[in-house]
Amino acid sequence: MQFDVRGTYRTQSHKDPAYSALTGRLAPEVCPWLSTVDVQAALERDPLWRGRARIETAPARVDSRAGRFAQCADALYYESNFVAAVGSSSLPANIIDVDKLTSHWRRRSPHVARVLDRTARELLETLVGAVAETACAEYTCHEAGHSLGWPIGEKLESCYFRLGAPTGRVAWPLVFAEEFRADLLGLRVARRILAPERALAIFAYQTLHRIGLAAERAYGAGEPEGLVPYLLVDALLQSGTMARDGGPGQRRLTLTSCDPHQLLERVDALIQAGFDALAAVENTASVAPIDVAINAAAYVRRRMTDAAAQAHYTALLSSP
Ligand SMILES: [Zn+2]
């Protein structure tokens, strides 16, 4: 299905609507091994699902983008944030811009070498396989992660990420904890519905994408990336999935095992640790929002006040 839409679009970080346009076509063939129907079914079987959140994303090949669609780094465009101009159609779905994801990947990949040793980098890149389809699957799983427990849509409606009111200051630790939580719960969904090699592909893509983004920002232009890559690196080390390499200064990271079965066991430990730290508190429908916020903020604070972890991460992103 082709689309050619123009109108105004707003994002979470730029709430004022700006003229934006997008042309392309829906491309369900991009990821033949993961459908939103499968993901939704997995959500509905998960004890953490609260009965409302739905996965309604659709991959698309994009020919041209203007305005916010071109300016924002996000590759998921929400139908509800777009207002069509007179004579234009609406966005046909919540679009995953596959071409933007692959472009991000190509630009960020070289930076990963500053953080991961060659063995880890090459194995993870091999596990990713075809970038477009794995990137698309990972994004869909990440959105599923936002839909488990207290779903992100309801958190936004209740101003969970802002202190006290819709205009309140953004509570960034809660934003970063939510994104990190969505990564790990997305991996949990992947492990439940995909073959082990596909779940490992998603883990590998997520790791390279997060680390590549942090390194790109650290060594290139633009604002430093937020805390999500730090939380990920910290959790990779804590779960025994990665360790410091044996090189000079032991700055870079390496995988503790290249055996797929052992790697999968460590990824499962990573997922379980993330669940225990950030999702277990949401495991009952009666939990109060303030308890969720206190738990998430306390987690981020604990990790940010680990001086040794902070020093190592700073060294990782400042090696020559
Ligand atoms: Zn997210």
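Modeller: In this predicted model, 41% of the 320 residues of the chain count as buried. The chain contains 12 helices and 8 strands. Its radius of gyration is 19 Å, close to the 20 Å given by the globule rule for 320 residues, so the chain is as compact as a globular protein of that length. The C-alpha trace spans about 60 × 45 × 40 Å along its principal axes. Among contacts between residues at least 6 apart in sequence, 73% join residues at least 24 apart.

Is R266 buried or partly exposed? A residue needs 20 or more other C-beta atoms within 10 Å to be buried, and 12 or fewer to be exposed. R266 has 18 C-beta neighbours inside 10 Å and therefore counts as partly exposed. Leaving aside neighbours within four places in sequence, R266 is in contact with S239, G240, T241, T256 and S257. R266 and I55, by comparison, are 211 residues apart in sequence, and their C-alpha atoms are 27 Å apart in space.

The largest nonpolar core has 85 residues, of which I202 and A204 touch the most other members. Helix α8, residues 196-219, gives the most to this core, with 12 residues. Apart from neighbours within four places in sequence, I202 is in contact with T134, A137, E138, C141, L187 and A190.

Technical notes
Residues are numbered from 1 along each chain as its sequence is written. This is a predicted model: local features need pLDDT of at least 70, side-chain atom pairs count only at pLDDT 80 or more; totals for chains, interfaces and linings use all residues. Helices (H or I, at least four residues) and strands (E, at least two) are DSSP runs, numbered from the N terminus. The radius of gyration is taken over C-alpha atoms; the globule rule is 2.2 Å times the number of residues to the power 0.38. Two residues are in contact if their C-beta atoms, placed from the backbone, lie within 7 Å. A nonpolar core is a set of buried Ala, Val, Leu, Ile, Met, Phe, Trp, Tyr and Cys residues joined through C-beta atoms within 7 Å.
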